[in-house]
Amino acid sequence: MPERSAPLPVKAGRDLRIDLFRGLALIMIFIDHIPGNLYENFTSRNLGFSDAAEGFVFMSGLAAALAYGPALAKGLSWEGTSRLWGRAWLLYLVHIFTAVWAIAIVSAAVQFWGNEAMLAKNAFKTYGTDPFGFLIGIATLGHQLGYVNILPMYMALLLMAPALIRIGQRSKWALLATSVGLWALTGLFRLNLPNYPMQGGWFFNPLAWQLVFSLGILTGLAIREGKRLVPVKGWIVALAAGWLVLTFAWVHTEWMLETFGHGTWQLRQWGVPFFIAGFDKTFVSLPRLTHLLALAYILSLPGIVPRIAASQAVAPIRLLGRHSLPIFALGTILAIAAQAIKQIHPGGLGQDTLIIGTGLALQLGFAFARDRLGPKAIAKRKRHRETSGPQLAFGPPVVLAAGNSPVPAPPRPSRSAAR
């Protein structure tokens, strides 16, 4: 249960940690979406059981609570609901855009370079065997291509967000119980949204991933009240740090992989549900979830992390995080193109370095252009100066006081008053 503790170490204005972690997640997602490169050995998925996707969804829930919570504070108002659902519609459009480009890139690889092997990967097989069903599935989100399947889950979560935020505002325990209950029922009965025309369900199952999103919402609601969701206590720090060390050793030690892996298998043979004693990503298994929570807790502690986030050295990463949606879309398209290049010409470390370096440079340049150029960017900077607030998880500015309690932005004096 949230309790009041020392104010979080964030000064008035934008919480730079959110931009930093979101930017880092975007970089790691881009690298991980180009399988077979050396640099994927250094992304967060090598730290334990969870990866950048869990972190990004958690931060999205946190930011949604900060950005949209006030509009829902008195009930499920159309103002708050329509803004969240409008954002969900934008995510749908961006998803279709990235899916069309992924199809075009794979089609070009086959058409011009004879790279038919691409059709056997990432759910493209139906493209050749059932093109009409394939296109229907793309438009209706029933068929999601590999590495182009995250935004539909985000969209579903934003459709659920008004109800989740409102439940959390009335009772944080009620939201926790509701979310955990839905997650457990989803795992027990293997509930999922259907695929079409293929069998099965969504790879990122929103009925399970809502738990990660809801935990982010609970964190954001606590921040709005000037609290920490989980207080800073020595035994909690030790427990979280110990779990992170154990999971790191687990995934990097052959003996632990075999021994503990057999142990979890044995638990499943004794009837323990797979989402409790397993590592399934679709249903957000308990080991993945606890690893994420331990990592989020350690990174939220006061001290060095806020200073790193405010450092000029990580300004480019923060810039990527400030423009997360368009950068994610561009990174997805570039990753599919990189997959095609590696399929045609496997190359090696030098080629991987060039591909990844060029891709990150293009994303950074795109973020810089959006940040600095054009009338919309100018208007956005003007609004930012007036409010001194962050744009969080595809949402509007929020002003945070020194103790992380949101306060209204101070009014600017009129020109006549200034004179």
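## Report on aromatic contacts, salt bridges and surface features

W85 has a relative accessibility of 39%, between the limits of 20% and 50%, and therefore counts as partly exposed. The structure discussed here is a predicted model. W78, in contrast, is exposed, because its relative accessible area of 62% is over 50%.

W78 and W85 form one of them: their ring centres are 6.2 Å apart and their planes meet at 85 degrees, so the arrangement is edge-to-face. F204 and W209 make another edge-to-face pair, with 5.3 Å from centre to centre and 65 degrees between the planes. Both members of this second pair are buried: F204 has a relative accessibility of 3%, and W209 has one of 0%.

**Overall composition.** The protein contains 17 helices and zero strands. Of its 419 residues, 47% are buried. The accessible surface amounts to about 19,800 Å², with 68% of that area belonging to carbon and sulfur atoms. Among contacts between residues at least 6 apart in sequence, 74% join residues at least 24 apart.

**Salt bridges.** Eleven salt bridges are present in the structure. In the bridge between D32 and R45, the closest N and O atoms are 3.5 Å apart. D32 belongs to helix α1 (residues 16-32), while R45 is in the loop between α1 and α2 (52-72), 13 residues away. D51 and K281 are joined by a salt bridge of 2.6 Å, N to O. This pair spans 230 residues, from the loop between α1 and α2, which holds D51, to the loop between α10 and α11, which holds K281. D51 and K281 are both buried, and together with E54 and R288 they are linked in a network of salt bridges. R322 and D371 form a further bridge, with 3.3 Å between the closest N and O atoms. Because R322 is in helix α13 (residues 315-322) and D371 in helix α15 (residues 349-372), this pair ties together parts that are 49 residues apart in sequence.

| Residue | Relative accessible area | Class |
|---|---|---|
| D32 | 9% | buried |
| R45 | 35% | partly exposed |
| R322 | 24% | partly exposed |
| D371 | 12% | buried |

**Loops and surface.** S285 occupies the loop between α10 (254-269) and α11 (286-299). With a relative accessible area of 0%, which is under 20%, S285 is therefore buried. Leaving aside residues up to four places away in sequence, S285 touches W183, F275, G278, F279 and D280. E116 is likewise placed in a loop, here between α3 (78-113) and α4 (125-129). E116 is exposed, because its relative accessible area of 55% is over 50%. The C-alpha atoms of E116 and V106, which are ten residues apart in sequence, are separated by 8.7 Å.

A nonpolar surface patch consists of L185, L188, F189 and L191, which together have about 400 Å² of accessible area. L185 is located in helix α7 (residues 172-188), and its relative accessible area of 42% makes L185 partly exposed.

Note on methods: Residues are numbered from 1 along each chain as its sequence is written. This is a predicted model: local features need pLDDT of at least 70, side-chain atom pairs count only at pLDDT 80 or more; totals for chains, interfaces and linings use all residues. Side-chain values use heavy atoms; hydrogens and water are left out. Helices (H or I, at least four residues) and strands (E, at least two) are DSSP runs, numbered from the N terminus. Buried means under 20% relative accessible area, exposed over 50%, partly exposed in between (1.4 Å probe, protein chains only). Patches are made of residues with over 30% relative accessible area and no salt bridge: like charges are joined within 9 Å, nonpolar side chains (Val, Leu, Ile, Met, Phe, Trp, Tyr) within 5 Å. Accessible areas come from the Shrake-Rupley method with a 1.4 Å probe; for residues, only the protein chains shown count as cover. A salt bridge is a side-chain nitrogen of Lys or Arg within 4 Å of a carboxyl oxygen of Asp or Glu. Rings of Phe, Tyr and Trp (its six-membered ring) pair if their centres lie within 6.5 Å; planes under 30 degrees apart count as stacked, over 60 as edge-to-face and the rest as tilted. Contact means heavy atoms within 4.5 Å.
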